[in-house]
Amino acid sequence: MNWYAGWTLMLSAFISGAVLGLFFHRDDFLGGYASFRRRILRLGHIALAALGMINVLYSLSPLAAETGAASANRVGGLRDRRRDDARGLLPQRLARRVPLPLLHSGQRPGDRRRSDSSGRFAMKIGFLAMSGLRAHDPKLLELGMTLPGILERGKVLSSLPSLGLLYLAACTPPGHELHYYEAERDGAEPPDVYTCDLVAISTFSAQVFEAYAVADRLRKAGVKVAMGGLHVTVQRDEALEHADFVFLGEGERSWPAAVAAIAEGHAPRVWDAARFPPLDIRALPIPRYDLLGPRPYARFPVQTTRGCPWRCDFCASNVMLNEPYRKRPVADVIRDIHAIRHLHRRPFIEFADDNTFVDHAWGKELCRQLIPLGVKWFTETDISVADDVELLQLMRQARCRQVLIGLESPERSALEGVELRANFKSRRAAGYIDAVRRIQAHGITVNGCFILGLDRQGPNIFEQVLEFVTAIPLYDVQLTVLTPFPGTPLHTRLLHEGRILQPGRWDLCTLFDVNYVPTNMTVEELRHGLYWLAEKLYSEEGMMARRRPFFDRLWQDQEARSHTPV
């Protein structure tokens with residue numbers, strides 16, 4: 001009963017009393033004034049009026065308000081239970097395949113949204129990585145299916161989790177449900193991402209169109225999408241056409257505030273790291289390696305440094321983020337490796353750096369701390385690592401298996417002006433052969449990276465690279481084509497000169513597809529030179545010819561040490 005019922009009862013009593021008054025003055029009505037029937041009717045009329053008065057007074061009391069709220073909660077709970085029970089009629093796997101309009105308008109299959117104790121909105125957040133090598137050139141695709149050297153590196157890159165997303169997950173405020181996903185090789189997203197409230201997508205330029213397509217499908221299904229990374233940082237407006245939220249620069253700086261705002265429902269679309277305090281690399285949390293689950297990764301990424309002191313005009317990572325070179329505390333690096341070892345007994349570590357050993361003193365301390373762990377690892381650095389014999393010795397003791405070094409070209413003249421700050425590449429080119437031999441003599445293989453199609457290179461560059469690699473001999477080789485990534489000085493210059501063949505074709509930024517006009521050779525000469533060199537270097541015979549001397553040298557050193565008197 002309530003306020004409205006009370007007034008209704010009182011009004012009914014008034015009307016009925018007025019009607020009865022027309023007959024009660026008659027002595028013969030219902031057997032007389034003292035008859036039993038007239039007494040019952042009179043008492044009923046009084047009770048009706050009293051009941052209405054009681055309801056009105058009760059509805060105005062505090063107790064009535066509490067009882068009303070409890071009743072509303074019970075009704076709401078029953079309504080929610082009815083909705084949940086109805087949604088549970090379909091199995092999860094089947095529900096994901098039912099068109100969304102057939103489901104409850106405010107829910108998606110498997111929706112886990114809820115409010116925490118403070119009343120804030122708790123979300124299911126997915127982190128989706130777009131990984132793997134890409135190439136569009138049919139001949140390169142054919143070569144990649146047959147040449148062992150290309151297959152080896154391709155498998156490594158495609159099985160490396162996204163460290164950036166794992167850091168974002170670690171920086172996510174507590175109270176949310178987090179999941180890590182990876183797109184399939186064809187760019188398709190796993191079905192479970194559609195059960196998320198928010199999905200953060202990480203991508204490079206070569207996969208950005210695939211990422212946009214995934215983002216469009218997710219948004220159509222009602223899932224909020226956040227995108228960030230190098231490409232998005234310099235193509236903000238393009239990304240805004242496909243994402244609800246866009247993150248510029250280092251995502252860790254803005255992500256915690258963004259998640260809180262998104263959960264509350266009033267988040268701006270653009271999150272620029274420049275508007276937030278600088279990232280203290282000494283305070284980075286442990287990446288959420290636990291989200292990777294039992295996936296069979298060949299390597300696990302750990303970051304020791306960020307950035308690079310050199311500014312090469314073709315390099316996207318430094319130019320786009322425009323951040324200084326920073327080193328993490330060695331203790332934090334070791335802490336992260338322990339976190340991986342807690343989940344995987346014998347991991348192979350890939351230091352996800354642009355240039356690890358710029359600071360040799362810091363690098364030596366890192367190696368000293370790595371030695372007791374006994375983990376094998378890979379990293380990228382510059383040629384100056386060969387200058388410090390003590391550092392090389394410590395790297396070997398710490399079980400470094402390979403360093404990737406950007407040699408770019410065996411010709412010094414071709415490297416002139418490539419590095420914009422100190423012309424570092426050109427100044428060091430004359431000592432490349434001795435430096436690489438010195439590194440490999442310490443039992444550390446070198447993966448030498450070359451760029452084909454630099455402005456000062458001609459058609460003879462392909463034979464020059466082959467001769468250079470064979471003369472060392474270089475254990476591993478990574479061939480790439482000059483690629484104008486968006487946001488780099490190289491892209492700006494080639495676009496201004498009208499030399500980019502298909503502007504905006506970011507899917508051709510694969511490091512293997514030619515999308516510009518070289519200076520001293522034709523496009524076809526560059527393409528066919530790449531094919532020829534790849535067949536020479538990545539065939540089984542070519543690989544064995546380069547690698548056998550390295551193992552022969554190791555065997556000789558081991559024999560020499562075994563015969564040395566103690």
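A polar contact is a pair of N or O atoms within 3.5 Å; within protein, one atom must be able to donate a hydrogen and the other to accept it, and residues adjacent in sequence count only if both atoms are side-chain atoms. The structure is a predicted model, in which local features need pLDDT of at least 70 and side-chain atom pairs count only at pLDDT 80 or more, while totals for chains, interfaces and linings use all residues. Residues are numbered from 1 along each chain as its sequence is written, and side-chain values use heavy atoms, with hydrogens and water left out.

The side chain of N355 makes such a polar contact, at 3.1 Å, with the side chain of T381. N355 is placed in the loop between β12 (348-351) and α14 (360-370); helices (H or I, at least four residues) and strands (E, at least two) are DSSP runs, numbered from the N terminus. With a relative accessible area of 1%, N355 is buried, where buried means under 20% relative accessible area, exposed over 50%, and partly exposed in between (1.4 Å probe, protein chains only). Contact means heavy atoms within 4.5 Å. Leaving aside residues up to four places away in sequence, N355 touches T305, G307, C308, P309, W310, Y325, E380, T381 and D382.

T381 belongs to β13 (residues 376-381), which pairs with β14 (residues 400-408) in the parallel sense over five bridges; two strands pair if DSSP finds at least two bridges between them. Within this pairing, V403 in β14 is the bridge partner of T379. Both strands are part of an open, parallel sheet of six strands in the order β9-β12-β13-β14-β15-β16. Its edges are β9 (300-302) and β16 (476-481), each with a single partner strand, so one side of each is left without a neighbour in the sheet. Neighbouring strands of this sheet are turned by 20 degrees against each other on average, direction ignored. Helix α13 (residues 330-343) packs on the sheet, touching β9 and β12, and its direction makes about 160 degrees with that of β9. For such angles, axes are lines fitted to C-alpha atoms, for helices over the stretch in contact, and the values run from 0 to 180 degrees between N-to-C directions.

Another open sheet of six strands, also with parallel pairing, has the order β4-β3-β5-β6-β7-β8. Here β4 (177-182) and β8 (270-272) stand at the edges with a single partner strand each, so one side of each has no neighbour in the sheet. The twist from one strand to the next averages 20 degrees. Strands β6 (residues 224-228) and β7 (residues 245-248) run parallel and are joined by two bridges, and M227 has V246 in β7 as its bridge partner. Helix α7 (residues 163-171) packs on this sheet and touches β3 (124-129), β4 and β5 (198-202), its direction making about 165 degrees with that of β3. Helix α8 (residues 208-220) packs there as well, touching β3, β5 and β6, at about 160 degrees to the direction of β6.

F485 lies in the loop between β16 and α19 (489-496) and is buried, at 16% relative accessible area. Its C-alpha atom is separated by 7.5 Å from that of S205, 280 residues apart along the chain.

Most residues other than glycine have a negative phi, and most peptide bonds are trans. A cis peptide bond, with omega of about -15 degrees, joins I472 and P473, and P473 is found in the loop between α18 (461-471) and β16. N423, which is not a glycine, has a positive phi of about 55 degrees; N423 lies in the loop between β14 and α16 (424-428).
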